[in-house]
Each structure stands twice: as structure tokens, then as C-alpha cells.
Amino acid sequence: MNNSIPYGRQNITEEDIEAVVNTLKSDYLTQGPRIASFEEAFANYVGSKYAVAVSNGTAALHLCILSLEIKPGDKVITTPITFAASANCVRYAGGEVVFADIDPETYLLDIQKVKDLLASSPKGTYKGIIPVDFAGKAVDMEAFRKLANEYGMWIIEDSCHAPGGYFEDSSGKKQYCGNGNYANLAIFSFHPVKHIASGEGGMITTNDNALYEKLLILRTHGIVKDEKKYKNTPAFANGQDESQIYPNWYMEMQDLGYNYRITDFQAALGESQLKRADDGLKRRREIAKKYFKAFSGKYFIKGQSGIIEGHAYHLYVLEVENRLGLYNYLRENNIYAQIHYIPCHLMPYYRELGWKEGDMPHAESYYKHCISLPMYPTLQEEEQNFVIGKINSFYEN
Ligand SMILES: Cc1ncc(COP(=O)(O)O)c(C=O)c1O
């Protein structure tokens, strides 16, 4: 096999290219009709009332934190096995990140660990929780909502890995990641390795109208363009004391916002990709099944993502002995597996804030063994066979 096989890869079709080119030829490069159209299609896809498209997943997290009005010192709980942005967003507002360990079976934030933390402090100590649908496996958001309600906390669901993923609620109903039924806000990323690629891009979903309105304003510098909401007088606005009418040019910056807009041509690409999201998900699930079958019962496997109803398989993770040896051997064979993730609490930035080895034993043990295998819809059958064959030959020869 001459071609290199990465762990993830975008898939751009002629249709996608046409959607972008048509937008480039239109009157709008940004803030045009493609953004609203992408938002509507995405909200429909995940089943939420509202969706707000933004420049990337990190901006989405930052806007969530701003809309929830996190203050310096506010404590927020998240998982150490995630991309750093899930935690960093709390720091942007001066909040304190409190990590809770993962469940070694699911690799997700362990709700029991969160319960223990909450029970050990006075009510009101923690403001919110950021669970992550890591690797594409949906968090049981119903259980987290129940817990958050007991303590008056908000939830931001980081669903970057899981568009189309779901869990079954206590009545057996499918609850899609980011549908807004349990979390106050959810976020997605459209970075090229994700299910839907727009170059850079992100989305926030919610069922909360007040948060939605706030997000729209914060996304564009905190600017309001609605005369019912203006704070300055019409006389000031038009520069003529006697006039009671706001002039057409008028707008107000009422809050400290940002420029976190997505462009129209990125939104066009995102919406075009969204049309194939279910096909991609189907293929990811087939690939997962094949990995699972290939590695079940092998002596060198300590754990794997497995076959789980509703899993969106952004990643397929193996936990193995001699992970470094396997990683290097695969690279020698042009297979670029990856490691997700170096535990966030042991990044030097968080060590400086007091986190240390031994704080999160399950996350730390997971990190020593985990490796993410190639997983993307265009992975060819013979390429997957090659990957499986090389892993087996590393351990069995
Ligand atoms: C779990 C998780 N959260 C947040 C992000 C941030 O998204 P972006 O790269 O679009 O800023 C990512 C993407 O890498 C992610 O994987």
C-alpha cells in the first residue's frame, strides 16, 4: 500500500465545490443567506430549536461561556480526556476548571465522580458541567440534567465528535447529541477531520430562546440592530434633537462581543456536507464493526471503542500494550494513527494551576494505552484490511 492512511480525512465532492463556487459568485461572501440556511438545516438534523453558526468550535465554546455569564472564580467541571478547548473556554472568562475522572469503560466523564465532587462542597460551589461526547459516544445527558438540576447548574454539551450520535433515554427514546432537550447549549466543530467539514467552522445549538438571542449579539461584537431594544434616544441617534425616529444606519454596541462569524462560502460547504452526514455515519459504523470483530478477544487488546448503539465514531480507539511500539510501526507502514488525548489536566498550563499526575488515575491509565485508528467514510476496504493486518502482525509475529 503506497498511499498514506491518516486517522481522519475530509471528503470534498463536486457538489461541495459547486456549492462554494456558487456562493463565491453571489452577492454575499459573509453574513448572507447561506448562513441562515445552514443553521436551519443543522437544527433540523440534530433536532434543536435554534442553531448559531460561528467561525470554529472554540469560538462556539467561548460564546456559550459568555452567554451563561461565567465570572472570574466560577467553578466548572469537565473531563480530562478531551481537546483542550473544552476546558480552556472556562479560563477565557477567568473561571476555574475542575476536572473529574473518566469512566474507564466508556472513556466519558464519570457521572459518579461528578456526584462525589458536588456532594463534597456546599451547594452553589459549581456553576456548570461540560460533558464531552468523546470519540462520538453520546453522554447520557438525561442523567447529567437530573444531577445539574439538583445543584442549579447549567450544562454545555461538547458534541464536536458526535453529530448524528444519540443515547436512549429512560423511556427508550433516541436523544440526539445537541438536540437541546437536556443541555442548555451544545457545540459542534466543522474542522476537516470532523464528520462535517467547512474548513474552519462551528455551531451552537439550543432550545433556549433567551440564550439564542444573546448568542446572535455576542457573535457580532455585541451589536444590536433592533430599535425596540435601543438604549440611546432617537434624538441622539440621528443628531437632531427634535426627531423621534431612529435613522436607518443606526445600531448599538450593547455588550462586549466578538467577531466569531462564519463566512457564507464556509456555510455553503457545511450545508452541502451535511446532506451526506447520514451516509458518512453509516460507513463509520461499518468500519467500527469490522475493527471490533477483528480485535475482539486478541490478547494485546486491553479495551476498544466497541459496538455501541448511537455511537457516531469520530474515532475508533484501541487500548493496547506497547502503544508506542505500535504507533511507530504503523507510521513505518504509512499508517498515521493518532493519540486522543493527552490528559488535559497534565498539560503544562493546567499543571501550573495545580493539577498533577495521580489526580485522574483512569484518564492517565487510558492515555498510556490509547491509539485512534484510521476512521473516515472514504477509508477503503483494502486499506482497512491493511491496517488490521499490520496491527496483528506487529503483535503476532
Ligand atoms: C472535543 C472538542 N472540543 C472542541 C474542539 C474545538 O473545535 P475547533 O477546532 O473547531 O475550534 C474540538 C476540535 O478539535 C474538539 O475535538
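**Entry 1: the ligand**

I began at the ligand and noted that one of its oxygen atoms is 3.3 Å from an N or O atom in the side chain of Y341, a polar contact being a pair of N or O atoms within 3.5 Å, where within protein one must be able to donate a hydrogen and the other to accept it, and residues adjacent in sequence count only if both atoms are side-chain atoms. I then looked up how much of the ligand the protein covers: taken alone the ligand exposes 390 Å², and the protein buries 91% of that, with accessible areas from the Shrake-Rupley method and a 1.4 Å probe, where for residues only the protein chains shown count as cover.

Before going further I wrote down that this is a predicted model, in which local features need pLDDT of at least 70 and side-chain atom pairs count only at pLDDT 80 or more, while totals for chains, interfaces and linings use all residues. I also wrote down that residues are numbered from 1 along each chain as its sequence is written, and that side-chain values use heavy atoms, with hydrogens and water left out.

Two further side chains went into my list: a polar atom of the T58 side chain lies 2.5 Å from an oxygen atom of the ligand, and for H161 a polar side-chain atom lies 2.9 Å from a ligand oxygen. Which residues come nearest to the ligand? Of the 14 around it, they are G57, T58, D158, H161 and S189, where a residue is near a molecule or strand if one of its heavy atoms lies within 4 Å of it.

I sorted the shell by residue type and found 4 nonpolar, 8 polar and 2 charged residues; here Ala, Val, Leu, Ile, Met, Phe, Trp, Tyr, Cys and Pro count as nonpolar, Asp, Glu, Lys and Arg as charged, and the others, Gly among them, as polar. The helices α3 and α4 (85-92) each supply at least two residues of this shell, helices (H or I, at least four residues) and strands (E, at least two) being DSSP runs numbered from the N terminus.

**Entry 2: backbone points**

I returned to Y341, which lies in the loop between β15 (335-336) and α12 (348-352), and saw that a cis peptide bond with omega of about 0° joins H340 to Y341.

I next looked up E69, which has a positive phi of about 60° although it is not a glycine, and which sits in the loop between α3 (57-67) and β3 (75-78). Is E69 buried, exposed or in between? E69 is partly exposed, with a relative accessible area of 46%, on a scale where buried means under 20%, exposed over 50% and partly exposed in between (1.4 Å probe, protein chains only).

N322 also has a positive phi, of about 50°, and is not a glycine; N322 lies in the loop between β14 (316-320) and α11 (323-332), and counts as partly exposed at 45% relative accessibility.

**Entry 3: the sheets**

I followed β14 into an open sheet of 3 strands, ordered β13-β14-β16 with antiparallel pairing, where two strands pair if DSSP finds at least two bridges between them. Its edge strands are β13 (301-304) and β16 (370-373), each pairing on one side only. How many bridges join β14 to β16? There are 4, between strands that run antiparallel, and E319 has C370 in β16 as its bridge partner.

Another open sheet has 7 strands in the order β2-β10-β9-β6-β5-β3-β4, with mixed pairing. Its edges are β2 (50-54) and β4 (96-99), each with a single partner strand, so one side of each is left without a neighbour in the sheet.
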